[in-house]
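Welcome, and thanks for opening the viewer. Please keep the selection tool at hand, and we will go from stop to stop together.

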Amino acid sequence: MSNPIEVHGLVKTFGSTRALDGLDLVVGAGEVHGFLGPNGSGKSTTIRALLGLLRTDSGTATVHGLDPWADSVQIHRRLAYVPGDVSIWPNLTGGEAIDTLLRMRGLEPDRTDRDALLERFDLDPTKKARTYSKGNRQKVALVAAFASQVELLVLDEPTSGLDPLMERVFNECLHEHKAQGTTVLLSSHILSEVERLADRVTIIRQGRTVETGTLAALRHLRRNHVRAQVTGTLPADLPGVHDLEVVDGAVTCAVDPDGLPGLLRALDDAGVESLTCTPPSLEELFLDAYRN
Amino acid sequence: MPTATDANGTAGLLRLNLRRDRVLLPVWIWLLMAMVAASAFATEGLYLDAADRVAAARLINSSPALVALYGPIVSEQSIGDLAMGKLTVMYAVAVMGLGLVVVRRHTRVEEESGRAELVGATVVGRAAPLRAALVEAGVAAVVIGTLAAAIDVAAGLDPAGSVAFGASWTGAGLVGAATGAVCAQLAASARTAGGLALATFAVWYGLRAAGDIGPDALGWLSPLGWGTRLHAWDGPRWWVLGLYLGLAVVLVVAAHVLRGRRDLGNGMLAERAGPAGGGFGSVAALVWRLNRLATGWWVVAALLSGALFGSVAPHLGSLFDSPAARAALEALGGRGRVEETMLAALLAIMAAMLSAYAVQVTVSGAHEEADERTAEVLAATGSRVRVFTAQAGIAMAGTLLLATAYGVGSAVGYGSQVGGVPHALGRLVPAALAHVPAMWVMAAVALLAWAWWPRATWAGWAALVSFVTLGEVGELLELPGWVVGISPFQHVPAVPVQAVGVGVELALLGTTALLLAAGWWRYRVRDIG
């Protein structure tokens with residue numbers, strides 16, 4: 001059984017710009033995969049390529065083992081997509097737009113949990129789309145996607161414009177789908193969201209993958225932050241320890257994963273009284289990956 | 001009515017708008033002036049003596065189709081009237097259009113994009129955007145009129161006539177801007193506002209055409225009829241200019257009153273709640289729903305214009321009462337035959353006009369794509385073939401429907417006066433349908449442009465305008481047959497007077513199929529969005 005999404009060495013150029021420059025992305029079945037990158041790094045281009053809307057120049061991309069360009073119809077039957085900037089037909093109501101998206105998928109709207117979702121997202125389906133705010137347009141696409149009951153959700157910054165209450169509803173819905181085994185590709189800028197929801201993340205920059213793996217594995221590659229109170233003194237040149245500062249026995253430093261055992265022994269020797277060790281936040285991983 | 005503070009910030013907005021229009025305005029004005037200069041300087045060389053001019057004027061005046069399209073030549077002796085005839089009526093629409101575009105662009109479009117909100121939150125009064133837009137359009141109209149008059153004088157045309165002609169263009173520009181201002185208050189979207197204003201222009205053009213070939217009074221109801229009724233080249237009736245100014249003032253005041261009574265971003269008619277569900281199970285159903293309202297209006301327009309021209313046909317105006325004109329008409333086969341000739345000529349023009357529907361439908365499809373909605377549809381169904389066939393199907397079925405509606409309308413209008421409606425239906429509806437393959441070629445050209453260059457939405461419009469222009473000027477300029485033949489509309493015989501050419505129709509259908517195939521071949525593989 002192949003992975004729901006497999007992308008290797010994908011290249012897409014627009015004129016002289018290389019929007020994707022050998023991108024790799026693997027999303028395993030049933031996982032929520034965070035897809036991170038700065039503005040203009042190629043996240044939406046990747047997603048559009050996976051949807052078969054763009055033809056790529058080289059590299060391979062498969063969705064459920066199928067070629068997005070050649071087999072887009074079969075692929076789309078098994079996925080739902082929420083764009084970052086949802087545009088809906090201004091002269092249709094929100095309800096009509098949702099039902100249209102569902103029925104185009106061959107679903108009978110009444111037999112989905114559309115109504116329950118409308119209630120949860122607190123969306124009035126009788127209003128014309130032109131009167132909707134950004135957040136309400138986003139809800140239309142989310143309701144249509146969550147009601148679709150598909151194997152793969154492709155979400156491109158899905159919570160932009162939602163209020164915190166609605167963000168929570170979104171998180172709940174995502175958890176429920178995850179529990180049912182749905183695979184999710186979640187492109188987002190909201191790191192806390194990704195940190196909470198994602199099993200694995202891929203960070204891209206300038207069309208290329210710079211980091212990929214589980215959050216735990218990525219964290220493992222990065223320095224932990226250590227604060228401690230000691231009675232004695234610490235040696236100044238411990239291997240793998242950086243930015244060491246000691247003021248009145250209060251120690252702060254950053255430590256490489258390899259240097260942690262050595263640091264702990266040294267702290268023990270110096271008579272440690274209290275100790276906190278914080279793994280790097282996703283934000284730090286993110287900033288690190290972006291800067292390099 | 002707005003107070004002084006309501007207009008706060010008008011000057012600043014005006015500067016901003018002028019900067020944004022620094023290409024649009026000069027290009028538009030330059031194109032119009034090029035037309036004026038070309039006509040003013042060329043006509044004298046074409047008709048060296050007065051007898052030539054009179055003959056040319058009579059030729060135009062004795063053709064109902066030409067009069068319907070361009071208006072009559074009022075003063076047969078005048079070189080000015082001959083030179084500016086087409087510009088007085090047809091290109092006056094382009095002057096009106098500039099007023100509409102400027103006003104719509106800086107009021108309704110700004111509100112829709114949210115930029116008006118951004119600006120409105122600064123120290124800018126409520127009426128300022130409307131006023132800045134109207135000032136700009138007004139100044140543009142005056143510049144256009146002045147330049148046009150100056151060019152005519154420089155070309156040696158009668159000074160009084162030149163000024164009167166220039167003033168009629170200024171008047172048309174003012175009326176166009178004021179109409180745009182009212183429509184921008186009534187409609188809740190830029191698209192509807194533009195459609196409403198264009199529909200108004202179309203009604204005016206139709207009334208003017210009916211007034212010029214039939215009862216004169218109809219022409220007075222239309223600002224586009226005032227240009228010839230001004231008698232610019234034959235002792236101008238200056239008071240007619242007051243009509244333009246009066247109408248513009250009334251419309252501007254109305255727009256201000258309406259603006260004071262509505263909220264930013266809303267029209268006068270509040271949005272009603274719609275169905276809570278329903279939706280559309282196929283791309284075709286969705287595309288149809290998106291074009292349903294516009295299609296309805298097009299059908300109404302086709303029926304009404306058909307009925308108007310049909311009912312005017314038996315009342316050929318005084319223009320055709322001269323012994324010479326009557327002799328020419330008799331030579332064509334007598335009264336009934338002449339009326340059918342006229343209906344056939346009008347039908348040929350209307351076939352081209354009605355195929356604008358196909359261009360509009362296709363262009364709106366391109367907008368769907370630019371706004372990313374096509375991506376959402378494709379993500380739900382994934383089938384490009386459905387999007388393409390829905391778009392093509394509706395463009396083509398719509399033109400078929402419109403041709404039928406026009407045929408029915410003209411049959412009812414004509415048959416109710418001459419020969420009975422059933423007989424007229426039998427003659428005129430098949431005649432209208434004979435134009436459908438040519439209309440389909442036009443639709444296929446627009447679809448091809450969309451399939452290849454989704455961003456070049458103007459390409460379809462440019463093709464339509466080129467085809468119409470080729471048909472109109474081809475004979476006058478004695479262009480070679482193959483150039484005129486580029487326009488599909490030129491190949492259709494003048495049914496019902498002439499017989500339907502089966503070979504021609506099949507060739508047009510074949511061309512349509514080829515163009516569609518080429519469009520699909522590209523749409524299948526190009527990037528979306």
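How many salt bridges does the structure hold over all chains? The count is 23. Please keep in mind during the tour that this is a predicted model.

**Stop 1: a pair between the chains**

Select A:Arg48 and B:Glu372. Their side chains form a salt bridge, with N and O 3.3 Å apart. This pair crosses from one chain to the other: A:Arg48 sits in helix H1 (residues 43-50) of chain A, while B:Glu372 is in the loop between helix H17 (356-370) and helix H18 (373-381) of chain B. Are the two partners buried or exposed? A:Arg48 has a relative accessible area of 11%, so A:Arg48 counts as buried. B:Glu372, at 33%, is partly exposed.

**Stop 2: the interface as a whole**

Now show both chains together. On one side, 37 residues of chain A make contact, and on the other, 38 residues of chain B. In chain A, the residues that lose the most area to chain B are A:Leu53, A:Trp89 and A:Met104, which together make up 22% of what that side buries. Between them the two chains bury about 3200 Å², and 52% of this is on carbon and sulfur atoms.

Next, look for polar contacts: 17 residue pairs are counted between chain A and chain B. Which elements of chain A give two or more residues to the side that touches chain B? Color strand E1 (5-14), helix H2 (72-77), strand E5 (79-82) and helix H3 (94-104) of chain A to see them. H3(A) gives the most, with 7 residues. Sorted by class, this side of chain A has 17 nonpolar, 10 polar and 10 charged residues.

**Stop 3: a buried threonine**

Select A:Thr93, in the loop between E5 and H3 of chain A. With a relative accessible area of 0%, A:Thr93 is buried. The side chain of A:Thr93 reaches the backbone oxygen of A:Pro125 at 3.4 Å. Leaving aside residues up to four places away in sequence, A:Thr93 touches residues of both chains, among them A:Lys127, A:Ala129, B:Gly274 and B:Pro275.

**Stop 4: out to an exposed arginine**

For a contrast, go to A:Arg265 in helix H9 (residues 260-269) of chain A. A:Arg265 is exposed, with a relative accessible area of 56%.

**Stop 5: inside chain B**

Select helix H9 (residues 159-186) of chain B. With 28 residues at 1.5 Å a residue, H9(B) should span 40 Å, and its end C-alpha atoms are 41 Å apart, which agrees. H9(B) is mostly covered, as 22 of its 28 residues are buried.

Then pick B:Glu340 and B:Arg427, whose side chains meet in a salt bridge at 2.7 Å, N to O. B:Glu340 lies in helix H16 (residues 334-354) of chain B and B:Arg427 in helix H20 (residues 421-434) of chain B, so the pair ties together parts 87 residues apart in sequence. B:Glu340 counts as buried at 12% relative accessibility, and B:Arg427 is partly exposed at 31%.

For the last stop, select B:Arg208, B:Asp212, B:Asp216 and B:Arg229, which are linked in a network of salt bridges.

Definitions and conventions. Residues numbered from 1 in each chain as written. Chains lettered and ligands numbered in written order. Predicted model: local features only at pLDDT ≥ 70, side-chain atom pairs only at ≥ 80, totals over all residues. Heavy atoms only, no water. Contact = heavy atoms within 4.5 Å. Buried area = accessible area lost by both parts, 1.4 Å probe. Polar contact = N/O pair within 3.5 Å; in protein donor to acceptor, adjacent residues only side chain to side chain. Helix = DSSP H or I, 4+ residues; strand = E, 2+ residues; numbered from the N terminus. Nonpolar A, V, L, I, M, F, W, Y, C, P; charged D, E, K, R; others polar. Expected span 1.5 Å × (residues − 1). Buried < 20%, exposed > 50% of the residue type's maximum accessible area, 1.4 Å probe, protein only. Salt bridge = Lys/Arg side-chain N within 4 Å of Asp/Glu carboxyl O.
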